[in-house]
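Please consult the sequence and structure shown below alongside the text.

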Amino acid sequence: MSMDVAVVVAYLVAMIAFGFWGKRRARTESDFLVAGRRLGPLLYAGTLSALVLGGASTIGGVGLGYEYGLSGMWLVVAIGTGVLLLSLLFAGRIQRLRVYTVSQMLQLRYGPGSSVLSGVVMFGYTLMLTVTSTIAYATIFAALLDLPRVPSILVGGLVVVIYSALGGMWSITLTDFVQFFIQTVGIFLILLPVVLVQAGGFAAVPPEALSPTTIGGETILTYFVIYTFGLLIGQDIWQRVFTARSPGVARWAGAAAGVYCLLYGVAGALVGMGASVLVPGLEEPGDAFTAVVGATMTPVLAGLVLAAALAAVMSTASGSLIATATVFGQDIAQRLRGRADGSEAEHVRGHRLLVIAFGVVAIVIACLLQDVVGALTIAYDILVGGLLVPILGGLVWRRATIVGAVAAMAVGTVGTLVTMAVVGDIDANEPIYVGLAAGLAVFVVGSLVSRPTAPDVLAEWDRRSSGAAAEAPVA
């Protein structure tokens, strides 16, 4: 076994070992879903960074840098901006709610009637995010082991399902922190300096590669609309906010994670820019990451850097997988059958089975799906078009009502999908703008013409927002 393969195999074995360690700590529903709400600043910042910086940020970010130079940073910069805004403006408040899902927050804010619809939209988003993250294993294992696409997906997907199901959020927290460390070493301390030195520095690239706007203003704006707004409201992100042990940790450690993401975006673009000098003429910019690693690294270093890419993919896949299981269990199944009684051990067992079931579903879809970028674009468009207005509106506008919220979810989602069908291009900018504009209009009108939210609902919302509540999932 070559050294680079040995490094990655050791990494995969370690991830499963952390899963068994986390299993001993996941004794309650709160432990399994939100790590007991006990994460301090270091663990919280590291795991949040690992979650949002997945395959699209790492392999995709380098590919954008290969194609567009420094301006390839904007996708990841938009993600980092979303983390910063969420942390500084909303994280402290939503951490105090003591809920498990975004839909439960909507239920608290507006009263009964909004959680199932929002849960269905969020479930579709988190499942598709899990699928696209799972597909990304194919790129890494193809470069490392020369494996075909389907076996690569099976290897990576099964490792994630095993450690996620064993210990839930505790296992994912520990593995994500290790993955954050590996990403930092692999990208910032190994790949970036090696590539820049071997490429001959900035003098070796054409001047347009150093321009921050080569990728185009419209593309940059679209990144911010889709990814920054998506980061503000995604269940996978909010579920990490719920793991913080205090509002202060959620706010300031989250802001540190946002800054880290901004630096990561610049680093990926610079690596891609150097790769355009070292391995020119690639037909697919997305191959730039593995190509430049193969061209510049010794086997051991290559193993560490490929492990960093694998870490980025796995952290996003595991985070979105547990988010999918949580949304289905809390917002769909539980609402349809009523709150289930049972011991904490039985609740944990049920959540563990959901993680396994949706992990298998994601692997099967990943093996069948071809247009990964298209699927992710649809998922983000529906998420932002359908849920951004009612979620943020409920946080900032007291007059907002459930009539306006449900209307915004329905009209925003339908407007996005219909416009996408009419335009005939899922990558077009119009669908998300139409969905947001239509959703905002009906949200405002529906809220103003309907009765204000009941005083007892607002009183409970104020009480929970202030932190005056013990662990009490929404009924």
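Val434 counts as partly exposed because its relative accessibility is 36%, where buried means under 20% relative accessible area, exposed means over 50%, and partly exposed lies in between (1.4 Å probe, protein chains only). The model is predicted, so that local features need pLDDT of at least 70 and side-chain atom pairs count only at pLDDT 80 or more, while totals for chains, interfaces and linings use all residues. Residues are numbered from 1 along each chain as its sequence is written, and side-chain values use heavy atoms, with hydrogens and water left out.

Val434 lies in helix H18; helices are DSSP runs (H or I, at least four residues), numbered from the N terminus. Between Val434 and Gln334 there are 100 residues of sequence separation and a C-alpha to C-alpha distance of 33 Å.

Helix H18 spans residues 430-449 and also contains Glu430. With a relative accessible area of 42%, Glu430 is partly exposed. Together with Glu218, Asp425 and Asp427, Glu430 forms a negative surface patch. Patches are made of residues with over 30% relative accessible area and no salt bridge, with like charges joined within 9 Å and nonpolar side chains (Val, Leu, Ile, Met, Phe, Trp, Tyr) within 5 Å. Asp and Glu count as negative and Lys and Arg as positive, whereas His and the chain ends are not counted. The place of a charge is taken as NZ of Lys, CZ of Arg, CG of Asp or CD of Glu.

## The nonpolar patch

Leu353, Ile356, Val360, Val364 and Leu368 make a nonpolar surface patch of about 460 Å². Accessible areas come from the Shrake-Rupley method with a 1.4 Å probe, and for residues only the protein chains shown count as cover. Val364 is placed in helix H15, residues 344-368, and is partly exposed because its relative accessibility is 44%.

## Salt bridges

How many salt bridges does the structure hold? There are 5 salt bridges, each defined as a side-chain nitrogen of Lys or Arg within 4 Å of a carboxyl oxygen of Asp or Glu.

| Pair | Distance, N to O |
|---|---|
| Asp31 and Arg38 | 3.6 Å |
| Asp176 and Arg240 | 2.8 Å |
| Arg463 and Glu460 | 3.0 Å |

In the bridge between Asp31 and Arg38, Asp31 is buried at 8% relative accessibility, whereas Arg38 is partly exposed at 43%.

The side chains of Asp176 and Arg240 also meet in a salt bridge. This pair links distant parts of the chain: Asp176 belongs to helix H9 (residues 149-199) and Arg240 to helix H11 (residues 235-241), 64 residues apart. Asp176 is buried, with a relative accessible area of 0%, and Arg240 is buried at 1%.

Arg463 and Glu460 both belong to helix H19 (residues 455-465), where they are 3 residues apart, about one turn of the helix. Salt bridges with shared partners join Glu460, Arg463 and Arg464 into one network.

## Positive phi values in loops

Most residues other than glycine have a negative phi. Arg37, by contrast, has a positive phi near 55°. Arg37 is found in the loop between helix H2 (29-34) and helix H3 (41-52), and its relative accessible area of 4% makes it buried.

Arg98 has a positive phi near 60°. The loop that holds Arg98 runs between helix H5 (74-95) and helix H6 (102-110). Is Arg98 buried or partly exposed? Arg98 is partly exposed, because its relative accessible area is 21%.

## Cysteines and a contact across the sequence

A search of the whole structure finds 0 disulfides, a disulfide being a pair of cysteine sulfur atoms within 2.5 Å. Cys261 is buried at 0% relative accessibility, and Cys367 is buried at 18%.

Gly63 is found in helix H4, residues 55-68, and counts as buried because its relative accessibility is 5%. The C-alpha atoms of Gly63 and Ala275 are separated by 9.0 Å, although the two residues are 212 residues apart along the chain.

Definitions and conventions. Helix = DSSP H or I, 4+ residues; strand = E, 2+ residues; numbered from the N terminus.
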